[in-house]
2 protein chains.
Amino acid sequence: MRDVVAKNLRRLRADRGWSQERLALESGLNRTYLSAVERSEQNISVDNIARIADALNVEAAVLFTP
Amino acid sequence: MRDVVAKNLRRLRADRGWSQERLALESGLNRTYLSAVERSEQNISVDNIARIADALNVEAAVLFTP
């Protein structure tokens, strides 16, 4: 499941032409934390999923759609 | 977001006529942990979301759909 979230996060961020720094700024999360999420190395929690979804302006379910 | 997951989890479990004990058995997670998730008191991680989705035989995205 981490891979699905990682793949969707990378795609959604790239679609917006955002750097990881920009996503960190928009979400209030740490850039290195986001980098680990995008490499499937972080067991991200629902609260942080919500922050990222809000920053990207998508439904959280989108991050979990294979 | 915790509320969305909690509401969906309660509904999906009830649809199957499962007790929290049964879901704990099926998912390999602790019953009191699941009870906290269902009360929006647990910041559940993606690995445990995956375990619950597998146990309920649903896509994880379903748990995040408002």
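Predicted model: local features only at pLDDT ≥ 70, side-chain atom pairs only at ≥ 80, totals over all residues.
Figure 1. R13(A) belongs to helix α1 of chain A, which covers residues 2-15. Beyond its neighbours up to four places away in sequence, R13(A) touches W18(A), S19(A), Q20(A), L23(A), E38(A) and L56(A).

**Figure 2. The interface of chain A and chain B.** Each chain brings residues to the contact: 17 residues come from chain A and 17 residues from chain B. The two chains bury about 1,400 Å² between them, and carbon and sulfur atoms account for 67% of this area. On the chain B side, the residues that lose the most area to chain A are M1(B), V46(B) and F64(B), which together make up 39% of what that side buries.

**Figure 3. Polar and charged pairs across the interface.** Two salt bridges are found between chain B and chain A. A salt bridge joins the side chains of D47(B) and R2(A), with an N to O distance of 2.6 Å. Ten residue pairs are in polar contact across the interface of chain B and chain A, both residues having pLDDT 80 or more. On the side of chain B that touches chain A, at least two residues are supplied by each of α1 (2-15), α4 (46-56) and α5 (60-63) of chain B. The most is given by α4(B), with four residues. By residue class, the side of chain B that touches chain A holds ten nonpolar, four polar and three charged residues.

**Figure 4. Helix α1 of chain B and its covering elements.** The end C-alpha atoms of α1(B) are 20 Å apart, in agreement with the 20 Å that its 14 residues should span at 1.5 Å a residue. Buried positions in α1(B) are V4(B), V5(B), A6(B), N8(B), L9(B), L12(B) and R13(B). The cover over these buried residues of α1(B) includes α4 (46-56) of chain A, together with α2 (20-27), α3 (31-38), α4 and α5 of chain B. After α1(B) comes G17(B), which has a positive phi near 65°.

Figure 5. V4(B), in helix α1 of chain B, is buried at a relative accessible area of 19%. Its contacts, neighbours within four places in sequence left aside, are L63(B), F64(B), T65(B) and P66(B). Although V4(B) and T65(B) are 61 residues apart along the chain, 7.1 Å separates their C-alpha atoms.

**Figure 6. Salt bridges within chain B.** Twelve salt bridges are found over all chains of the structure. One of the pairs shown is R11(B) with D15(B), whose closest N and O atoms are 3.9 Å apart. R11(B) and D15(B) are four residues apart in helix α1 of chain B, so about one helical turn separates them. R11(B) is partly exposed at 38% relative accessibility, whereas D15(B) is exposed at 57%. In helix α2 of chain B, E26(B) and R22(B) are likewise four residues apart, about one helical turn, and form a salt bridge with closest N and O atoms 2.6 Å apart. E26(B) is partly exposed at 37% relative accessibility, and R22(B) is partly exposed at 37%. A further salt bridge, at 3.5 Å from N to O, joins the side chains of R31(B) and E21(B). This pair links distant parts of the chain, with R31(B) in helix α3 and E21(B) in helix α2 of chain B, ten residues apart.

Conventions:
Residues numbered from 1 in each chain as written. Chains lettered and ligands numbered in written order. Heavy atoms only, no water. Contact = heavy atoms within 4.5 Å. Buried area = accessible area lost by both parts, 1.4 Å probe. Salt bridge = Lys/Arg side-chain N within 4 Å of Asp/Glu carboxyl O. Polar contact = N/O pair within 3.5 Å; in protein donor to acceptor, adjacent residues only side chain to side chain. Nonpolar A, V, L, I, M, F, W, Y, C, P; charged D, E, K, R; others polar. Expected span 1.5 Å × (residues − 1). Buried < 20%, exposed > 50% of the residue type's maximum accessible area, 1.4 Å probe, protein only.
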